[in-house]
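Subject: Handover of a structural model

Dear colleague,

Please find below the structure that I am handing over to you. My notes on it follow.

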Amino acid sequence: MEVIIDYFPEISKEQKEKFSELLPLYKEWNKCINVISRKDIDHLYLNHVLHSLSIAKLISFEKGTSVLDVGTGGGFPGIPLAILFPDVSFHLVDSIGKKIKVVSEIVKALNLENVTFSHQRVEELKSKYDFIVSRAVTSLPVFYQWVYNKVKKNSFNPLSNGLIYLKGGDIAEELAALYPQKIDIYPIDMWFKEMYFKEKKIIYMPIGGNI
């Protein structure tokens with residue numbers, strides 16, 4: 001929990017309380033439905049919460065922004081971002097029902113009124129969003145095909161509407177397959193010093209246009 005406060009000292013008392021509730025909630029639910037690996041649960045704040053919040057170092061979403069979290073699993077990056085941005089609406093989707101069950105219970109326990117969720121494949125969604133976020137659910141070219149038509153055209157954030165993808169390792173081949181799509185890459189270790197983030201990146205692909 002301290003690592004969150006270190007990097008986001010401006011968060012409110014209420015936000016600190018919500019972040020502090022995450023570990024006991026996930027530990028309890030992980031006993032029933034394994035959404036985080038057993039060896040990883042004790043590193044929840046670094047490996048999952050802070051990793052999710054790296055997106056907030058790239059962009060501070062404006063009030064009224066809509067964000068879709070694809071393949072959310074246990075609620076990452078959507079739930080930590082929803083705590084940090086209470087005036088932004090988040091919709092979390094996953095094709096595995098038991099994972100959405102965990103998401104629904106944690107959202108309820110935290111009273112996150114800015115979060116909705118659904119058990120479905122992203123291809124089935126009809127709505128459009130300002131930003132689409134995800135943590136490495138598939139290769140970038142496949143992900144792009146899933147979601148490029150679900151981004152709103154008009155932008156009002158510091159960055160144009162588009163995809164924000166958390167990914168690690170060598171992505172050169174995936175990037176080549178997306179040419180000539182504009183892509184910006186941000187190494188997460190430019191913000192977070194922990195070794196865990198050494199190979200981790202944020203990949204931003206603008207799709208909308210600024211007003």
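**Findings**

Pro180 is placed in the loop between helix H7 (172–177) and strand S7 (184–187); helices (H or I, at least four residues) and strands (E, at least two) are DSSP runs, numbered from the N terminus. A cis peptide bond, with omega about 5°, joins Tyr179 to Pro180. Another cis peptide bond links Phe76 and Pro77, and omega is about 5° there; Pro77 belongs to the loop between strand S1 (66–70) and helix H4 (78–84).

The model is predicted: local features need pLDDT of at least 70 and side-chain atom pairs count only at pLDDT 80 or more, while totals for chains, interfaces and linings use all residues. Residues are numbered from 1 along each chain as its sequence is written, and side-chain values use heavy atoms, with hydrogens and water left out.

Two residues other than glycine have positive phi values: Asn111, near 55°, and Ala136, near 45°. Asn111 lies in the loop between H5 and S3, Ala136 in the loop between strand S4 (131–135) and helix H6 (140–147).

Helix H2 (residues 13–32) packs against helix H3 (residues 44–58) at an angle of about 130°, with the axes 11 Å apart. Axes are lines fitted to C-alpha atoms, for helices over the stretch in contact, and angles run from 0 to 180 degrees between N-to-C directions. H2 is therefore oblique to H3 (under 35 degrees is roughly parallel, over 145 roughly antiparallel, 65 to 115 roughly perpendicular, the rest oblique). The crossing of H2 and H3 is right-handed (the near helix is turned clockwise from the far one by less than a right angle). Contact, meaning heavy atoms within 4.5 Å, involves residues including Phe19, Leu23 and Tyr26 of H2 and Tyr45 and Leu53 of H3.

H2 also packs with helix H5 (residues 97–110), at about 145° and with axes 11 Å apart, again in a right-handed crossing. Among the residues in contact are Leu22, Leu25 and Trp29 of H2 and Val102, Ile106 and Leu110 of H5.

His119, found in strand S3 (residues 115–119), is in contact with Asp94, Ser95, Ile96, Gly97 and Ile100, leaving aside neighbours within four places in sequence.

Yours sincerely
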